[in-house]
Each structure stands twice: as structure tokens, then as C-alpha cells.
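Subject: Structure handover

Dear colleague,

Here is the structure I promised to pass on. My notes on it follow below.

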Amino acid sequence: MKKLNIKVVVNFLGVLLILNALFMFLCVPVSLYYSEEAVTGIALAALITATIGGIMYFASRKHCKTVQKREGYLIVTFGWIFMALVGTFPYLFSGSIPHFTDAFFETMSGFTTTGSSILNDIEAMPKGILFWRSFTHWIGGMGIIVLTLAILPLLGIGGMQLFSAESPGPSADKLHPRITETAKRLWYIYVLLTLIQAILLWGAGMTLFDAVNHALCTLSTGGFSTKNASVAYWNNQPLIQYIIIFFMFIAGTNFVLNYFFVTGKFKKMFKDEEFRWYAGMVLFVSIITALTMYLFANPSQSLPVGADNTINAWTDSTNQLRYTVEASIRHALFQVLAVVTTTGFVSADFTMWTPFLAVLFFALMFTGGSAGSTAGGVKVVRHTILIKNSWLEFKRLLHPNAIIPVRHNGKSVKQQIVFNILAFFMIYMLIFIFSSIILSFTESEAGTPNLKDFVSAIGVSASALGNVGPAFGNYSPVDNFASMTCLGKWFCSFLMLLGRLELFTILILFTPFFWRKN
């Protein structure tokens with residue numbers, strides 16, 4: 001194994017910080033437009049970030065431009081960490097979030113598109129800061145590494161190692177043989193869909209500021225909102241929520257398929273097996289949820305503070321409030337997609353709909369969207385391959401000498417990929433279990449965990465690892481994470497990053513053979 005090329009890692013990190021500074025500068029005009037004092041802090045944050053990035057870039061500009069696998073893993077992992085560290089600057093320098101732990105949690109939640117927040121009064125925050133908060137989602141959605149490959153091909157760095165580390169799913173669909181061209185096409189689609197959604201939301205009744213922010217957070221499957229009640233603020237404007245529903249579904253779809261859809265190649269989209277499983281699962285679970293809501297759920301028990309619920313309910317013969325048929329369908333689709341795609345927007349507190357639906361939504365936290373989407377979680381394709389492999393084990397028992405491969409999209413899946421998925425799922429569940437135990441102690445109010453503490457712990461663990469956002473118990477969809485201990489916030493920040501980079505990219509750094517020279 002070749003010697004680790006530290007200079008190329010430092011050089012690439014410098015480029016990332018310079019790009020991050022440019023995004024911060026984009027928030028300055030927003031703050032100026034609203035005549036906010038935070039503009040000074042945002043501008044200072046951008047200048048300091050650009051300076052740090054420039055020093056790192058020029059100090060390591062004379063380097064070998066070959067990126068091997070080890071350098072790729074280091075660039076991706078430390079790229080996210082460095083981005084989160086400097087991403088705290090606008091919050092800290094503007095005084096919007098004065099404590100570093102809280103600022104880091106909010107930033108890591110932003111870049112990993114988790115959407116968990118420590119803010120008690122979002123609407124009181126400066127508009128420039130809210131725009132930066134949404135921007136962290138948008139940057140992290142497609143991946144800052146892919147962005148860099150798309151707009152800086154002049155670096156001459158072989159990007160496949162970076163793309164693999166950034167998108168370590170079981171498949172690597174490409175639109176073009178060159179990775180930079182692939183990244184460009186994906187980002188064109190990403191930008192186009194964001195613009196379309198912002199225009200539609202603006203036309204549906206949102207202010208331009210709210211429309212842009214929610215578009216940034218929807219396509220990235222993030223979930224930060226400009227309102228304390230999240231999207232429940234617009235419960236009396238169904239069109240707004242239906243627009244977000246559509247774009248959440250798109251964001252949870254493989255962006256390669258979105259490219260085919262936009263370019264008119266519809267057959268390629270509907271022939272994809274993962275897409276059919278994804279769409280079918282969303283539809284099936286939404287129907288079950290809507291029926292259960294209509295028959296048993298009480299809207300008044302699941303209404304976030306600040307939400308408008310005037311057209312969502314009716315009174316039955318026992319004088320109990322019930323969701324209307326339209327509201328049941330809309331909220332079911334909205335919350336199922338918000339959890340499955342790990343977007344995390346809230347139209348109602350789904351943990352209060354019924355115990356059955358609470359358990360169902362907890363299970364959905366382990367699904368995730370499609371591979372190649374901006375969604376977090378385990379991903380649909382991994383579940384489908386696991387299910388197929390488990391089913392075929394019965395056939396293999398009857399025919400022990402037969403070679404019976406798992407097939408996906410009509411092609412045989414290599415056994416190594418099946419083993420990789422099995423390992424991923426086992427490690428994922430082990431991390432979830434141990435994280436739940438750890439958080440049940442760190443977040444215990446009485447020193448000894450009780451049932452409510454454990455419910456909160458497993459909810460937070462599943463939410464952070466899957467980059468979902470809302471959790472259960474003390475951290476339900478209508479609550480935030482402000483009351484979490486400092487230790488809990490740092491641990492959750494680690495889980496968010498671990499989930500966003502799909503375990504192996506980070507865990508491999510803790511293995512001794514990664515650091516050996518040969």
C-alpha cells in the first residue's frame with residue numbers, strides 16, 4: 001500500500017472551505033435586505049472561513065494529485081467535519097446560537113440533512129441565519145464532494161474514489177463515463193428541481209423567502225423550516241403541502257432516474273425495480289395510515305403549536321374530533337414520505353395518532369429512500385435484496401447444490417454485494433442498539449433510566465442514525481432537542497455523520513489496517 005498522501009487531503013479540504021465561504025457570502029444579501037445586525041457576523045464568518053481554506057489550499061498546492069481509496073475516505077470524512085466546524089461561525093459570530101455545542105449540533109444536523117434542531121423560537125431568528133441554516137441542508141443533500149467535482153475539474157483529481165466514499169450504496173449508476181460529467185448532470189437536476197419547487201410554493205401562497213427555504217430543505221430531504229410549527233403552519237393551505245409531498249417523493253428517488261424522467265425517458269424510471277418497491281411501499285403504508293387516522297386519530301391531540309387546523313377536522317356521533325377524508329390522505333402521504341425519505345417536515349405529531357401508527361412510523365425510520373437519492377436511512381434497495389436473499393434461502397435448502405443468485409432489475413447481484421449488505425444491516429442494528437442504551441443514560445432526568453427515557457433514547461438513536469429528524473418521547477415531532485445534554489448532542493452529532501456517510505466510510509478509519517503503510 002502506498003504512503004498516505006496528506007497534502008492532497010489538506011488541499012482538498014481547503015477547497016471545500018473556500019466553497020463553504022462562498023455559500024456563506026450568499027447569505028449576506030439576504031441579511032442586508034432585511035436590515036439585520038446579523039449581517040456583520042455572517043460576513044465575518046465567511047471571511048474567516050475563506051482565509052482558513054485559502055491557507056490550507058496554498059500551503060499544500062504542490063502535491064501529487066492522485067487520490068487513492070484511503071485519501072478518498074479521509075477527504076470525505078474530514079470534509080464533513082471541517083464543514084460542520086466552520087459552519088458554526090455564522091451562528092456564533094451573529095450571536096444567534098451563542099453556545100458552540102448547540103451551534104455544532106445545528107450545523108451537523110444541517111449538513112447531514114437530519115433536520116433535528118435546538119432552536120426554541122425559529123421565527124425569531126434573523127432571516128440571513130435561517131437562510132444559511134437551509135443552505136446547509138442543500139449543500140449536504142447532494143454532497144459537497146460531488147459539488148466540488150462538478151465545478152472544479154481543473155484540479156485534475158481522479159474523482160471516482162471520492163464519489164464512491166460519498167455515495168457508498170450498493171449500486172453506482174452513472175450518466176456519463178466521466179465522474180465530473182456525472183456530478184454536473186446530477187447537480188443540474190438538483191438545481192432545476194429546487195427552482196421549480198420554490199416557484200410553485202411561492203405561487204401557492206408562501207412568501208418568497210419561505211418558498212426558497214422550503215425548496216432548499218425538501219430536495220435535500222433535510223426538514224428545517226422557517227416556522228415553529230414546521231409545515232403544519234400551512235395546514236389550511238393543502239396545495240402547499242401537496243407540492244411538498246410531490247417533491248419529497250422526487251427527492252427520495254434515485255437522482256439518476258430523476259434525470260431520465262426530466263429528459264423524457266419515462267420507461268427507464270418505471271422499469272427500475274427499486275423505484276417500484278419504493279413507490280409501492282409509500283402508497284401501501286399511506287393507505288393504512290390514512291384509514292387508521294380517519295377512524296381513530298384525534299386532530300386536537302396531534303396539533304403543533306402555531307398550526308392552523310381549521311379545515312382538517314369534523315365531529316363524529318360521539319362528539320369526538322376526527323380527520324376528514326382529504327386531511328387523512330394528505331397527512332398520511334405527507335408524514336409517511338417525511339419519514340421514509342428522512343425529510344422530517346411536520347404537518348402533525350404522528351406519535352399521537354394511535355399506538356399502532358406510532359410503532360409503524362418507528363419502523364419506517366429504518367427504511368430510507370432510494371440509493372442515489374438525497375435521503376438517509378438503510379435505503380430501499382438494501383431491504384429488497386435482503387428480502388430476496390432470505391426468501392431464496394428456502395429454495396437453497398431444498399436444492400443445496402443449485403446456484404441460485406439474487407436478482408435485481410433482471411441481473412444477478414454479486415455475492416460480495418449481498419455480503420456487504422448483510423454486514424451493513426447487522427452493523428447498523430448493533431449501532432442502533434448500543435446507541436439507544438447510551439442515550440437512555442445520558443438523557444435520563446432522574447439518573448436511572450425509566451420507560452419514557454428509553455422510548456426517547458431509541459427514538460433519537462433511530463432518528464439520528466437514519467438522518468430522519470423528529471423522534472419520540474421527549475423529542476417528538478412537535479418538540480426540539482434544546483433540552484438534550486451536551487454529551488447527548490455530541491453523541492447524536494456523531495450518529496448523524498455516521499448515518500449520512502453510511503457507516504463504512506467512517507468506521508473504516510477506526511481499523512488498524514487502514515493506517516498501515518503496507
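Most residues other than glycine have a negative phi, and most peptide bonds are trans. Helices and strands here are DSSP runs numbered from the N terminus (helices H or I, at least four residues; strands E, at least two).

On provenance: this is a predicted model, in which local features need pLDDT of at least 70 and side-chain atom pairs count only at pLDDT 80 or more, while totals for chains, interfaces and linings use all residues. Residues are numbered from 1 along each chain as its sequence is written, and side-chain values use heavy atoms, with hydrogens and water left out.

Two other threonines also have positive phi values. Thr113, with phi near 55 degrees, sits in the loop between helix 5 (100-111) and helix 6 (127-142). Thr113 has a relative accessible area of 1% and is buried (buried means under 20% relative accessible area, exposed over 50%, partly exposed in between, with a 1.4 Å probe and protein chains only). For Thr221, phi is near 50 degrees; this residue lies in the loop between helix 10 (208-219) and helix 11. Thr221 is buried as well, at 0% relative accessibility.

Now helix 15 itself. Its 16 residues (325-340) should span 22 Å at 1.5 Å a residue, and the end C-alpha atoms are 22 Å apart, which agrees (the expected span is 1.5 Å times one less than the number of residues). Because 12 of the 16 residues are buried, helix 15 is largely enclosed by the rest of the structure. Among the buried ones are Arg330, His331, Phe334 and Gln335. The cover over the buried residues of helix 15 includes helix 11 (238-251), helix 14 (273-296), strand 2 (321-323) and helix 16 (355-364).

How do helix 14 and helix 15 pack, and at what angle? The angle is about 135 degrees, and the axes are 8 Å apart (axes are lines fitted to C-alpha atoms, for helices over the stretch in contact, and angles run from 0 to 180 degrees between N-to-C directions). The two helices are therefore oblique to each other (under 35 degrees counts as roughly parallel, over 145 as roughly antiparallel, 65 to 115 as roughly perpendicular and the rest as oblique). Helix 14 passes helix 15 in a right-handed crossing (left-handed if the near helix is turned anticlockwise from the far one by less than a right angle, right-handed if clockwise). Residues making the contact include Tyr278, Met281 and Tyr294 of helix 14 and His331, Leu333 and Val340 of helix 15 (contact means heavy atoms within 4.5 Å).

Back in helix 6, Met142 is buried at 9% relative accessibility. Met142 and Leu186 are 44 residues apart in sequence and 8.2 Å apart in space, C-alpha to C-alpha.

For the whole chain, there are 22 helices and four strands, and 58% of the 518 residues are buried.

Regards
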